[in-house]
Amino acid sequence: IINDMLVEHISRELEYDVAFACQDNCIRFISGSMLLLEMATPAAATVLTCNKGFSGVIISLMHQQNVNPNAPLVVRPEIFGSLYIVYGMENGTFAMSLIQYNNPKTVTTITPVLTHNTCWTVSDWNRKRISAITAINISDINRDNVGEIIVGRDDGRVEVYLQTNCMNNSNGDSRNISPPQLIFT
């Protein structure tokens, strides 16, 4: 069962790939009909979103590079080398993972193999009544140029989490990224 999907430029600059949040505790990344990555999750992933505030706005980078739509498809890791995704799960937790290419050097294949690294995981703070995540979005609601993570839960709760050090880690180093802090519930 597919619970959610994300359509984004993941492996190619001119064509979209799809990430599926699946009931069998996996997030699958597909390019055309080819499986690029099958990422195991601790529980069924229910929702997905792209953390563009963290990894940079991909489309604006594309326009800055003056991409020719008639040019042959060549993966350019300096533009499409990594993507941060945030996903919510049935067990009440949500997490952010860095999706990137195995080889950061120039890739010449159309569909490179992807890898992932979980940056952080946040559990439901209400331990007495854990509730599945049914909606997740990232929006800069406090206008500090960093998107806050907005979480909707099965029991009706809405939570807002502040990302504190995301602008300092845009180099793709996921080891020093701290989890977001709850600021509103």
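This is a predicted model: local features need pLDDT of at least 70, side-chain atom pairs count only at pLDDT 80 or more; totals for chains, interfaces and linings use all residues.
**Group meeting: an antiparallel sheet and its salt bridges**

S9 and strand S10, residues 148-153, pair in the antiparallel sense over 6 bridges. Strands here are DSSP runs of E, at least two residues, and helices are runs of H or I, at least four residues, both numbered from the N terminus. Two strands pair if DSSP finds at least two bridges between them.

Residues are numbered from 1 along each chain as its sequence is written, and side-chain values use heavy atoms, with hydrogens and water left out.

Back to the sheet. It is open, has 4 strands in the order S9-S10-S11-S12, and the pairing is antiparallel. Strand S9 (133-139) and strand S12 (181-184) are the edges, each pairing on one side only. On average, neighbouring strands are turned by 30° against each other, direction ignored. The axes behind that angle are lines fitted to C-alpha atoms, and angles run from 0 to 180 degrees between N-to-C directions.

Now the whole chain. There are 3 helices and 12 strands. Of the 185 residues, 48% count as buried. Buried means under 20% relative accessible area, exposed over 50%, partly exposed in between, with a 1.4 Å probe and protein chains only.

Next, charges. A salt bridge is a side-chain nitrogen of Lys or Arg within 4 Å of a carboxyl oxygen of Asp or Glu. The count comes to 7. One of them joins Glu-38 and Arg-28 at 2.7 Å, N to O. Glu-38 lies in strand S4 (residues 34-40) and Arg-28 in strand S3 (residues 26-31), so the pair ties together parts 10 residues apart in sequence. Glu-38 is partly exposed at 44% relative accessibility. Arg-28, at 19%, is buried.

Which residue does Asp-124 meet in a salt bridge? Arg-157, at 2.8 Å, N to O. This pair links distant parts of the chain, 33 residues apart: Asp-124 sits in the loop between strand S8 (114-122) and S9, Arg-157 in the loop between S10 and strand S11 (158-162). Both residues are buried.

Arg-157 also meets Asp-155, at 2.9 Å, N to O. Asp-155 is partly exposed at 26% relative accessibility, and Arg-157 is buried at 14%. Through shared partners, salt bridges join Asp-124, Arg-153, Asp-155, Arg-157 and Glu-159 into one network.
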